[in-house]
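Here is a short report on one model. Keep the sequence and the 3D view open as you read.

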Amino acid sequence: MRYVISGYTVVLAILFLYGVQLVWRRRRLNRLVADVEGSRTPDRPQTGIG
Amino acid sequence: MWRDTLLMAGKDLRIEARSRVALSQVAPFGIVALVLFAFALGPDRAPMVKGAPGLFWVAMLFSSVLAIQRSVSVESTDGARDGLRLSGLDPAGQFLGKTLSVAAQLLVLELVLGVGVVLLYGASIQTFWLIAVSCLLGTIGLAAAGTLYGALSAGLRIKETLLPFLLLPVVAPVLLAGTRMWQAALSGGTPANGTPWFHLLIAFDAVYLALGVVVYGPIQETA
Amino acid sequence: MTTKTIVQSPRVIWTTRIIGLLALVGTGLTVWLGLWVTPPDQTQGDLVRLVYIHPGVAWVALYLAFGLAAGCSLLYLWPRTRSLFWDRLAAASVEVGVVFNVCTLISGSIWGKPTWGVWWAWDARLTSTAVLLVLFLGYLALRRVPAEPEVRARRSAFAALFAVVDVPIVHFSVVWWKTLHQGATVLNANLSPTIHGSMAWTLLLGFVALTLAFVWMLLVRYRIGALEDYLGSGELDMALLERQSEGVVPPAPDLKAEALAPVDDAGAAPGPRAPAEVTR
Amino acid sequence: MAPASSPSSALSLRDVVALSGRFPLLAGVDLEVAVGETVLIEGPNGAGKTSLLRVAAGLVPVASGQASVLGLDPARYRTEVRRRVGMLAHAAHLYDDLNVRENVRFAVKASGADTSRIGAACERLGLTGRLLRTGAAKLSAGQRRRVALAVLVARAPELWLLDEPHAGLDASARSLLNEIIAEATAAGATAIVASHEPELVASLADRSVTLTGGRVTGERTILASVDPPARIVHVA
């Protein structure tokens, strides 16, 4: 059972951490893009990012 | 296409004849690798003889990376890359010519390393034709896949580090097939021992030769 | 100068979220069913519980992700369907696939230790999986070399093609390498235990949940690629205008549109800004 | 493979846009060059002169618009176009490990041209005696350029694309170059010469086109009333 638990833990942890990392990267990029677009067209509010 | 192949191969081999990079740098590197393997496996003959086929092919694989890098760098001086595109040579011919010249150099290298394995490790070859077939087919595969990856990495600034990483896993089947055929040859195996590997090498060669003929032109235009 | 914005339609956003949620719930259920509800196997005991995740992860890594990457790369290379969409999808697929591949190797290795007594038995399937991992790590390394998106896309698509044609050859070579040397492995019987009842359902659920997790990661990773390209191409409009203002004759007002339109067709335009991409 | 053609126009560009990544090298060029013409391309550095020649040689793909070189689409008949076009670029495209004669032979053979003119071409450019057996690595910049020119003379392409051909040449080599261009066009070839020193080529050219910011911004006829053969006589 030791092996089973560790197998589940490792696999799920890797997938979960990768997913968190993805979301974090996307958020950061969304913010960057919002900044860039905000500076280009200040009159136009950003919509629907992310 | 065949005329261009010969022209290209002739040009590359002439350059090698003049610069002797393969002879004076790549071949000694292979010998050094063989000697280092011997050091690693200890002074006893037994593990060396047992490992001889694999060590031969590992040394070949590493040396072929060097040979490919040389073949790429020949075309990257003085705008020769543009020159080759402008030359009017058929891209398929360029690919086959480069492959041919690399294969010719690797065959000489195999001869050197083969003698090295026999002399240094004390391996005795029982079935000579298995060795010959594995070397010939393996070399074609190494040269074709290498030339293809060389072209892919030609425009990259960090090709020296990237090329081995891209190429070596791809040519792993050549290592496996070559090693098994050599093992059969050293232990006096029957032709049956070599047959599946023979097919595998032919498939590998055919795939990468065909890919190169079709794709070399488009790769060259990707700059 | 028209400012194009990179927005995602609410539909895509919500689809992504729902898929992510389903993947989470599905995986959670699989874990619960796999660890507590299903019975242990007669021959393998509790070890059989690994069957609910290992094959699922392997299926995603070996078939789904790399099959998708191969298909996308081909579609990119085919002139009629050439679009950065396929390139980004291929890249996303390979990256996510590599993560699943690592999970496959780890879970396979953990399963192998109690079964075979060693972490790495040079089992044919695990070995070809490892070679596949290295091949596609090379692909990712190649992508990391700075280049224009179109150049990078072409180069990567070729690299993916070269690697993919190698996969069957590697597979056969490794299988023969193993079997021709030591005779057929008898351990395969342990790897495919008879499955019925709650086990079958859990297995199926695991496959579905992991596939959904893959799809969710793919969508998010694609979005990241699109955003990165968008940020990288921010200077395009400025470059075009500057270039034209070098001319003595004032450029025609619609010149920029003309100059860019065909690039759009070729899929070479800053993809995420094109209207078609907005809904992705 | 390619349609056998005796086109009336050597180069025809219609609203051609060419990109390097996202940078527009050419931003909508219209240019017609008739067979037998000598056209001078003028313009400041970075105006797109080299890019125009590279598009004509099929080295840079056309992103939009239409290009036809010797009546052929350069994207479709890439090899065919490159065999019939000769380009003198900044780099001489020489292999350092080969000597002059070998470099010339390889380049001429590669283009499928007759190798019988090689000797005369080398002699013409002063590549004789020991120089022929000198490795390309030991050549000076001017000598490299002469080797590249010898290749062109031996190949006798239908369309000559010369990028700053006078750069790095001394006065006698410059007048030799002009002579060669004049002879080639007299024999029916077309020449497109990019230069920011137009006075060096002006005596040869039928007309001059000015590029700025990747577009054609001016055009003038240099020797309006002189038909090519008469002018060649005059120059030679």
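## A covered helix in chain B

Helix α6(B) is mostly covered: of its 26 residues, 21 are buried. Buried means that 20 or more other C-beta atoms lie within 10 Å of a residue's own; exposed means 12 or fewer, partly exposed is in between, and C-beta atoms are placed from the backbone. Helices (H or I, at least four residues) and strands (E, at least two) are DSSP runs, numbered from the N terminus. From first C-alpha to last, α6(B) reaches 37 Å, close to the 38 Å expected at 1.5 Å a residue. That expected span is 1.5 Å times one less than the number of residues.

This is a predicted model: local features need pLDDT of at least 70, side-chain atom pairs count only at pLDDT 80 or more, and totals for chains, interfaces and linings use all residues. Residues are numbered from 1 along each chain as its sequence is written, while chains are lettered from A and ligands numbered from 1 in the order in which they are written.

## Two helices that pack

Which helix packs with α6 (residues 128-153) of chain B? The partner is α7 (residues 159-170) of chain B. Their axes are 10 Å apart, at an angle of about 145 degrees. Axes are lines fitted to C-alpha atoms, for helices over the stretch in contact, and angles run from 0 to 180 degrees between N-to-C directions.

From α6(B), the residues that meet α7(B) include B:A145, B:Y149 and B:S153. Among those on the α7(B) side are B:L162, B:L163 and B:L166. By class, this contact has seven nonpolar, three polar and one charged residues. Ala, Val, Leu, Ile, Met, Phe, Trp, Tyr, Cys and Pro count as nonpolar, Asp, Glu, Lys and Arg as charged, and the others, Gly among them, as polar. Residues are in contact if their C-beta atoms, placed from the backbone, lie within 7 Å.

## Strands in chain D

Strand β8 (residues 207-212) of chain D pairs with β3 (residues 38-42) of chain D in the parallel sense, over four bridges. Strands pair if DSSP finds at least two bridges between them. Here D:I41 stands opposite D:V209 in β8(D).

β8(D) is also joined to β9 (residues 215-221) of chain D by six bridges, and these two run antiparallel. D:R207 has D:T221 in β9(D) as its bridge partner. β8(D) and β9(D) form a hairpin with two residues between them. In the turn, D:G213 has a positive phi of about 55 degrees.

Most residues other than glycine have a negative phi. D:D15 is not a glycine, yet its phi is positive, about 50 degrees. D:D15 sits in strand β1 (residues 9-20) of chain D. Is D:D15 buried or partly exposed? D:D15 counts as partly exposed because it has 18 C-beta neighbours inside 10 Å.

D:H93 also has a positive phi, near 55 degrees. D:H93 lies in the loop between β5 (85-88) and α3 of chain D. D:H93 counts as buried, because 26 C-beta neighbours are inside 10 Å.

## Where chains meet

Chain D puts 22 residues in contact with 19 residues of chain B. On the chain D side, α3(D) gives the largest share, five residues. That side divides into 12 nonpolar, four polar and six charged residues.

Another contact takes 37 residues from chain C and 29 residues from chain A. On the chain C side, α7(C) gives the largest share, 10 residues. The chain C residues divide into 24 nonpolar, seven polar and six charged.

Technical notes: Contact = placed C-beta atoms within 7 Å.
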